[in-house]
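Biologist: I'm new to this one and would like a guided tour. Could you show me how to read it, feature by feature?

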Amino acid sequence: MPIEATDFIWMDGTLVPWKDATVHVLTHSLHYGSGVFEGIRAYPTARGPAVFRLTDHMRRLHQSASLLHVDLPYSVAELVEATKETIRANRLDSCYIRPIAYLGYGEMGLNPLPCQVNVSIAVWPWGSYLGDEGVQHGVRMKISTWRRMDPNINPVAAKGTGIYINSSLAKVEALRGGYDEAILLNPSGTVAEATGENVFVAKNGVLLTPPLYAGALEGITRDAVMVIARDLGYEVGEQQLLRTDLYLADEAFLCGTAAEIVPIREVDDHEIGEPGEVTRKIQETYFATVRGQVEKYADWLEYADG
Ligand code: PY5
């Protein structure tokens with residue numbers, strides 16, 4: 001799905017025309033994958049565009065940066081304000097938001113400490129990451145032969161650009177095998193997460209997701225799903241899962257900002273089937289929440305216009 005250009009990208013404090021938002025080929029992060037990023041979404045609501053858990057995402061950007069020894073020149077509050085300004089400038093009702101902090105031009109070599117830190121925020125309209133058909137009827141997953149990295153090889157808690165090569169390899173393997181998306185196991189062989197989403201299974205009415213120590217990113221959608229599911233009356237637990245727990249699940253789904261809530265229809269050719277009641281209810285509540293229709297979760301929305 002090609003990126004749809006908008007008018008402006010926020011770069012280091014200024015709104016720059018989309019086509020001028022470029023970097024030098026000797027940008028440090030291009031060579032060593034030393035950038036950190038976030039994926040955020042704004043949704044249309046009765047009060048204008050609302051960003052879902054914007055402050056939480058910007059806090060995580062700061063945490064990712066600190067794990068990679070990148071000193072961000074903007075506070076969480078400044079990044080929140082810059083995001084709202086960028087949405088307003090592009091007059092968008094809903095969009096995907098991609099902040100990235102990267103080590104820029106001026107220094108080379110593996111020591112990141114002397115490098116200048118640049119920050120940009122781009123916004124553009126982006127449909128369902130795994131397709132509307134996937135959101136409705138579920139996706140076909142493959143357990144990847146690539147493992148999620150051990151947390152002592154790379155800090156998997158950081159959304160670091162270089163770390164995503166692992167996800168890309170798994171994604172390509174799954175796509176070339178005729179599947180929609182991959183699930184990665186950790187080095188001990190239990191389920192970690194998908195290439196850009198967390199994983200949940202439902203078994204006998206209980207909802208389970210791998211704990212963070214299994215290699216799962218502390219997803220903001222994952223957290224929202226746990227809150228919503230408990231409020232809907234489901235028991236929710238963090239538990240290590242075997243690949244066979246996926247094969248034998250009553251229901252399973254992926255969740256993440258880009259993908260939103262996507263049912264899993266099949267894992268390694270083991271059929272789970274059309275989305276069941278637990279998945280449907282969580283999906284429904286999540287979509288109503290992000291559109292500002294659920295009073296209980298009103299705190300999760302930060303309005304671009306105010
Ligand atoms: N796990 C990984 C590896 C992720 O990259 C993401 C988000 C998640 C889980 C879900 O986290 P959250 O719920 O906080 O979004 N992935 C990015 C996203 O914008 C990039 C995907 C292309 O969803």
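**Reading the model**

Modeller: Let's start with Cys-255, which counts as buried because its relative accessibility is 1%. Buried means under 20% relative accessible area, exposed over 50%, and partly exposed in between, with a 1.4 Å probe and protein chains only. Keep in mind that this is a predicted model, where local features need pLDDT of at least 70, side-chain atom pairs count only at pLDDT 80 or more, and totals for chains, interfaces and linings use all residues. Residues are numbered from 1 along each chain as its sequence is written, and side-chain values use heavy atoms, with hydrogens and water left out.

Biologist: Where does Cys-255 sit, and which residues is it in contact with?

Modeller: Cys-255 is in strand β14, residues 251-256. Helices (H or I, at least four residues) and strands (E, at least two) are DSSP runs, numbered from the N terminus. Contact means heavy atoms within 4.5 Å. Leaving aside neighbours within four places in sequence, Cys-255 is in contact with Glu-197, Asn-198, Phe-200, Thr-221, Arg-222, Val-225, Glu-260 and Ile-261.

Biologist: How do I check a helix, say α6?

Modeller: Take its expected span, 1.5 Å times one less than its number of residues. Helix α6 has 12 residues (220-231), so it should span 16 Å, and its end C-alpha atoms are 17 Å apart, which agrees.

Biologist: Which residues of α6 are buried?

Modeller: First the general idea: an α-helix has 3.6 residues a turn, so residues three or four places apart point the same way. In α6, the buried residues are Ile-220, Thr-221, Arg-222, Ala-224, Val-225, Met-226, Ile-228 and Ala-229. After α6 comes Gly-233, with a positive phi near 100°.

Biologist: What surrounds the ligand?

Modeller: For this, a residue is near a molecule if one of its heavy atoms lies within 4 Å of it. The ligand is surrounded by 21 residues, and the closest are Tyr-96, Tyr-164, Glu-193, Thr-221 and Thr-257. By class, this shell has 6 nonpolar, 9 polar and 6 charged residues. Here Ala, Val, Leu, Ile, Met, Phe, Trp, Tyr, Cys and Pro count as nonpolar, Asp, Glu, Lys and Arg as charged, and the others, Gly among them, as polar.

Biologist: Which polar atoms lie by the ligand's oxygen atoms?

Modeller: An N or O atom in the side chain of Tyr-164 is 2.5 Å from a ligand oxygen atom. A polar side-chain atom of Arg-60 lies 2.8 Å from an oxygen atom of the ligand, and a polar backbone atom of Ile-220 is 2.8 Å from a ligand oxygen atom. On its own the ligand has 520 Å² of accessible area, and the protein covers 94% of that. The elements giving two or more residues to the shell are α2 (54-67), β6 (95-103) and α6.

Biologist: How do I read a polar contact within the protein, for instance at Glu-173?

Modeller: Look for a pair of N or O atoms within 3.5 Å; within protein, one must be able to donate a hydrogen and the other to accept it, and residues adjacent in sequence count only if both atoms are side-chain atoms. Glu-173 is in helix α5, residues 165-176, and its side chain makes a polar contact of 2.5 Å with the side chain of Thr-145.

Biologist: And Thr-209, buried or exposed?

Modeller: Thr-209 is buried, with a relative accessible area of 0%. A polar atom of the Thr-209 side chain lies 2.6 Å from the backbone oxygen of Val-199.

How values were computed: Areas by Shrake-Rupley, 256 points an atom, 1.4 Å probe, with all protein chains shown as cover.
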